[in-house]
Amino acid sequence: MSTGPGWYLRRLSRMGPREVGGRVGDAVRRRRWRSARPDAPAVTGARFTAVLPAGALDAVPPDAAKRLVAEADRLLAGHVAYFGVVRDDLTDPDWWYDPKTGRRAPWGHAFDVPYRNEDAVGDIKQIWEPSRHQYLTQLAAAYALTGDERYAARVAAHLRSWWAANPPLRGVHWISGIELGIRLLSWVWIRRLLDGWPGAAGLFEGNPVACEQIWYHQRWLAAFPSRGTSANNHVIAEAAGQAAAACAFGWFPDSPRWRAEALRSLARHLPANTFPSGLNRELATEYHGLVLELGLAAVAEADAAGVPVPAPVRPVLLRMTDALAAVVDNRLRPPRQGDADDGHGLVLDGAGTDRWASLLATGDAVFGRLAWWPEVTGTDVRTPLLAALVRPSARPGTARAAARPTARPDHFADAGMTLLRGPAEIWCRCDGGPHGFLGIAAHAHADALSVEVRHDGVDVLADPGTFCYHGQPEWRRYFRSTLGHNTLQLDDADQSVSGGPFLWTRHARSRVLVAEPAGADGGTARWCAEHDGYRGSVHRRRVELTAARRELRVVDEVRGPRRAARLAFHLGPAVTADLAGNRAVLTWTRDGEDRSAVLDLPRELCWRAHRGATDPPLGWYSPGFGRKEPATTLVGTGFTESARGFTTVLRFRS
């Protein structure tokens with residue numbers, strides 16, 4: 001997906017004067033670097049001291065170690081899957097090749113590579129992902145746990161190959177700061193996990209090529225930080241990677257300055273990216289996880305180096321952890337809100353390890369769990385290793401402990417998220433929050449007033465997900481559209497106006513009018529909100545969950561002139577629908593047991609079921625980035641009437 005002059009003008013319109021001035025400075029700096037590339041200082045006598053404490057590896061649970069070693073063996077054999085594409089070429093990877101399109105990114109100065117243009121470069125996510133080197137942290141962790149030098153040797157061979165193929169400022173891997181930041185964090189952990197291997201020092205601190213790469217990554221991040229409307233999760237990754245490298249690889253004259261600047265950046269941007277309630281301001285759940293992982297990793301490096309962490313950082317990470325514990329369902333699945341691209345901050349575990357359980361386990365180890373937290377039964381490698389580096393926090397209930405929620409929160413007023421919970425593990429998320437973060441709301445979807453409903457962890461009314469970013473514009477438009485969510489669309493238009501794949505030029509404004517969540521004691525939980533995304537009309541939605549009847553009632557009202565309307569309900573991929581008139585019988589299986597519900601749809605609309613349509617796209621579910629599968633979407637079409645609304649009732653059967 002290329003960007004023309006119109007996109008640049010729309011993008012510029014979302015910036016303020018300070019951001020424009022900063023970007024002009026970046027352009028001048030890039031021009032200067034072209035003509036006179038900075039020289040990396042020579043490194044002599046460097047030592048790596050940021051090792052794991054004694055006994056940390058012994059704390060790794062055996063089943064988590066077994067999963068990791070199985071993953072490492074698959075990687076040794078060259079097998080890996082990225083975003084739905086299975087690869088068998090990881091024994092000797094081509095770092096610039098995209099197996100999805102068969103294209104290879106062009107050689108040249110990094111600042112000239114048109115990375116948004118899939119026709120010229122290929123799918124940039126497929127190219128970038130292996131070069132985050134998180135599969136190498138898995139191999140290095142397998143070495144640390146087993147002592148098997150095959151893993152260490154493969155890591156060393158691939159790092160030397162990457163460094164040779166990607167000299168500073170040449171090619172596709174020197175374009176994006178988030179990639180450089182995450183790669184630095186991976187290198188820190190690779191060096192730490194290889195510490196017992198005889199070749200570790202010669203691979204890193206004793207290797208001039210490695211030292212030049214580490215210096216240039218940090219010099220690049222110091223020179224070209226994400227700013228203004230781009231200061232979202234990218235700036236957190238940049239600061240976390242910079243802080244980690246400057247703490248663990250403090251071998252350069254600029255290391256103290258880089259470390260201090262990176263920690264100041266975290267102290268500024270981590271609170272800016274986080275609501276006071278603890279939810280991430282991008283309102284994209286996977287980015288909440290990414291930012292939390294990155295923040296915890298940065299704190300671990302600072303603590304390991306004995307460097308003070310700025311005061312705002314730990315409280316934000318604590319609030320983020322408690323917020324995550326609050327919003328997950330009974331199977332520890334968080335909301336599927338906003339964009340999701342399967343991005344991770346630090347990967348030390350094998351397939352089959354639950355990401356969200358792992359984050360909660362780490363939160364327990366670092367901050368201490370609260371009584372209302374859900375139980376975490378899974379195990380992971382990352383938690384004991386990361387927690388071994390972090391300075392212990394005051395445990396809940398002690399005099400020095402930070403103030404934390406005494407009961408499980410179910411309404412996050414600042415984020416506009418409300419959770420209604422009922423018996424038999426009914427979980428309903430109602431969205432009445434802002435349209436994303438900053439002026440461009442890059443990772444937002446046009447999903448105002450949408451609902452997401454699960455029964456015992458199964459998606460019943462599902463958020464379809466994300467699927468893609470670049471290269472397939474019709475699919476990008478669909479998965480972030482109003483029609484692509486469980487809400488009401490007017491006049492075949494989105495509630496917010498898109499200016500590009502990561503740009504919204506007009507944002508629907510939502511406000512929550514009622515939020516009265518109730519427990520599973522037979523009471524009725526209520527939520528009501530409205531938005532002004534359709535000029536001249538206001539869409540108001542009321543949701544009630546009555547525990548005694550196991551019933552969810554959704555009422556949509558539109559104030560304004562008569563308009564064409566489409567009301568969509570997207571079913572999860574496990575749910576089968578038998579639609580007759582305005583009633584759909586829903587069935588699915590959970591743990592070998594048959595489950596069912598009845599969905600009574602508004603009679604005022606004409607209802608049809610869609611599944612796996614492509615022209616235009618409709619009836620799809622994306623379980624992860626780059627993957628999609630057919631799922632049933634029920635769409636009712638008709639017109640709004642000022643005197644009446646549309647009532648939908650979902651009843652779960654016993």
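Asn 486 is located in the loop between helix H17 (473-479) and strand E10 (488-490); helices (H or I, at least four residues) and strands (E, at least two) are DSSP runs, numbered from the N terminus. The model is predicted, so local features need pLDDT of at least 70 and side-chain atom pairs count only at pLDDT 80 or more, whereas totals for chains, interfaces and linings use all residues. Residues are numbered from 1 along each chain as its sequence is written, and side-chain values use heavy atoms, with hydrogens and water left out.

With a relative accessible area of 1%, Asn 486 is buried; buried means under 20% relative accessible area, exposed over 50%, and partly exposed in between (1.4 Å probe, protein chains only). The C-alpha atoms of Asn 486 and Asp 556 are separated by 12 Å, at 70 residues apart along the chain. Arg 74, in helix H3, counts as partly exposed at 37% relative accessibility.

Aromatic contacts were assigned from ring geometry: rings of Phe, Tyr and Trp (its six-membered ring) pair if their centres lie within 6.5 Å, with planes under 30 degrees apart counted as stacked, over 60 as edge-to-face and the rest as tilted. By this rule the count is 26 aromatic pairs. Phe 48 and Phe 249 form a tilted pair, at 6.0 Å centre to centre and with 50 degrees between the planes. Phe 48 lies in the loop between H2 and helix H3 (62-76) and Phe 249 in the loop between helix H11 (233-248) and helix H12 (255-272), so this pair ties together parts that are 201 residues apart in sequence. Phe 48 and Phe 249 are both buried. The ring centres of Trp 96 and Trp 107 are 5.1 Å apart and the planes are at 15 degrees, so that pair is stacked. Trp 96 is in the loop between strand E2 (85-87) and strand E3 (97-98), and Trp 107, 11 residues apart from it, is in the loop between strand E4 (103-104) and helix H4 (118-121). Trp 96 counts as buried at 3% relative accessibility, whereas Trp 107 counts as exposed at 52%. One aromatic cluster has among its members Phe 48, Trp 162, Trp 215, Tyr 216 and Phe 249.

A charge sits over a ring if NZ of Lys or CZ of Arg is within 6 Å of the ring centre and within 35 degrees of the ring normal. The charged end of Lys 628 sits over the ring of Trp 475, 4.6 Å from its centre. Lys 628 also lies over the face of Trp 620, at 5.2 Å from the ring centre.

Cys 247 is in no disulfide, and the nearest cysteine sulfur, that of Cys 211, is 17 Å away. Cys 247 counts as buried at 14% relative accessibility, while Cys 606 is exposed, with a relative accessible area of 51%.

On the surface, Leu 9, Leu 12, Val 20, Val 24 and Val 28 form a nonpolar patch. Helix H1 (5-13) and helix H2 (17-35) each supply at least two of its residues, and H2 gives the largest share, 3 residues. Leu 9 is in helix H1 and counts as exposed at 60% relative accessibility.

Notes. Patch = residues over 30% accessible without salt bridge, like charges linked within 9 Å, V, L, I, M, F, W, Y side chains within 5 Å. Areas by Shrake-Rupley, 256 points an atom, 1.4 Å probe, with all protein chains shown as cover. Salt bridge = Lys/Arg side-chain N within 4 Å of Asp/Glu carboxyl O. Disulfide = S-S within 2.5 Å.
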